[in-house]
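Please read them alongside the coordinates.

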Amino acid sequence: MTNLPSAPIRDLFVRSVFTLHRQPPKLCPGQDVILGEVVYDIIGDIHGHAGPLKRLLDRLGYVESAGVWRHSSRRALFLGDYIDRGPEQVEVVRIVRAMVDAGEALAIMGNHEFNAVAWATPDPHQAGAYLRPHSAKNRHQHRAFLDQVEEDSRLHHEMLDWFRTLPLYLELPELRAVHACWHPEQLGRLRPYLDRGGRLRDNAWVAAATKGEPLFEAVETVLKGLEAALPDGAAFHDKDGHPRREIRTRWWQDSPASYRDLALVPEATLASVPDTPVADGLLPGYDGEKPVFIGHYWLRGEPRPLTADVACLDYSVAARQGGRLAAYRWDGRHPLSPERFTWVEA
């Protein structure tokens, strides 16, 4: 990969973000610039689609200069899942990494970056095994990335090293960002295993990838979403045809009436989810203290907020048809508005 500015430049930018956010926002009339603040273009799951990413950055007003996409008054914030599925995964990582290292963007980890590291990390408890099992299903999901970087190459390991530097979430004074689920209890379990930058410590990876460990459950929830077991042995098939007995939940809802109400499943399979009442306290809900931005959920249709405080930016760019790469132009205003979404067709 191209040599890029060192990590201290990125860390200096992160510290400056927190400093700038200490003052209340002041909007310039007729502009997006907030005096004394950094304003963000928050971008959803890219999955190796560099063409749409470049078109989206161009639409947002970014210009490529010396290998880095820059905006005169805004910064990008990427929500994870840079790899797997798409045809230009190396280029996507190059673009995002260059922006982060130059102080033009922030980026968090998605479940696919976590899985990539776990795939390549030997399991210290089982000779010849890895933290993410090399099953046929897992290899199929990850094959495009492995082929494009040439598995076990220098480039492969360089990318894995960068993935390890990604924080699992961001809590800025005016907004929050996490790949899948803002769950206060599970975030509390995570924090002792994170460094000051929100990154998993080197000695935490084994527990984070080992089913049955409390840290495993916390990472699964934050990066893959809160799941709930279906009652009475019910099941449905996900978008890849795999049988599921647990459902991804609309965790941000306060009081869903039934499992069908809270299920995030393909429309065609929704009827197979039981309409059984949900027990109180199953979902964490969302406190609405500040907006939270997420990816991960393969939404369809015209992008819009999920609630006044929650926006998902994953609009299925990697879908066979009808996918979009979406961004939210954060301007300091709350509640969130459909008018602040921008996107390009895949």
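1. Ser153 sits in the loop that joins α5 (136-149) to α6 (154-163); helices here are DSSP runs of H or I with at least four residues, strands are runs of E with at least two, and both are numbered from the N terminus. With a relative accessible area of 18%, Ser153 is buried. Buried means under 20% relative accessible area, exposed over 50%, and partly exposed in between (1.4 Å probe, protein chains only). A polar atom of the Ser153 side chain lies 3.1 Å from the backbone nitrogen of His156.

2. On provenance, this is a predicted model, in which local features need pLDDT of at least 70 and side-chain atom pairs count only at pLDDT 80 or more, while totals for chains, interfaces and linings use all residues. Residues are numbered from 1 along each chain as its sequence is written, and side-chain values use heavy atoms, with hydrogens and water left out.

3. Glu88 is in the loop between β6 (74-78) and α3 (89-101). Its relative accessible area is 35%, so Glu88 counts as partly exposed. Leaving aside neighbours within four places in sequence, Glu88 is in contact (heavy atoms within 4.5 Å) with Gly48, His49, Ala50, Gly51 and Gln148. For Gln148, the separation from Glu88 is 60 residues in sequence and 8.0 Å in space, C-alpha to C-alpha. From the backbone nitrogen of Ala50 to a polar atom of the Glu88 side chain is 3.4 Å.

4. α3 has 13 residues and spans 18 Å from its first C-alpha to its last, close to the 18 Å expected at 1.5 Å a residue; the expected span is 1.5 Å times one less than the number of residues. The helix is mostly covered, with 11 of its 13 residues buried. Among them are Val92, Val93, Ile95 and Val96, and also Arg94, Arg97 and Asp101. Gly103 follows α3 and has a positive phi, near 80°.

5. The structure holds zero disulfides, a disulfide being a pair of cysteine sulfur atoms within 2.5 Å. Cys181 is buried at 0% relative accessibility, and Cys312 is buried at 1%.

Technical notes: A polar contact is a pair of N or O atoms within 3.5 Å; within protein, one must be able to donate a hydrogen and the other to accept it, and residues adjacent in sequence count only if both atoms are side-chain atoms.
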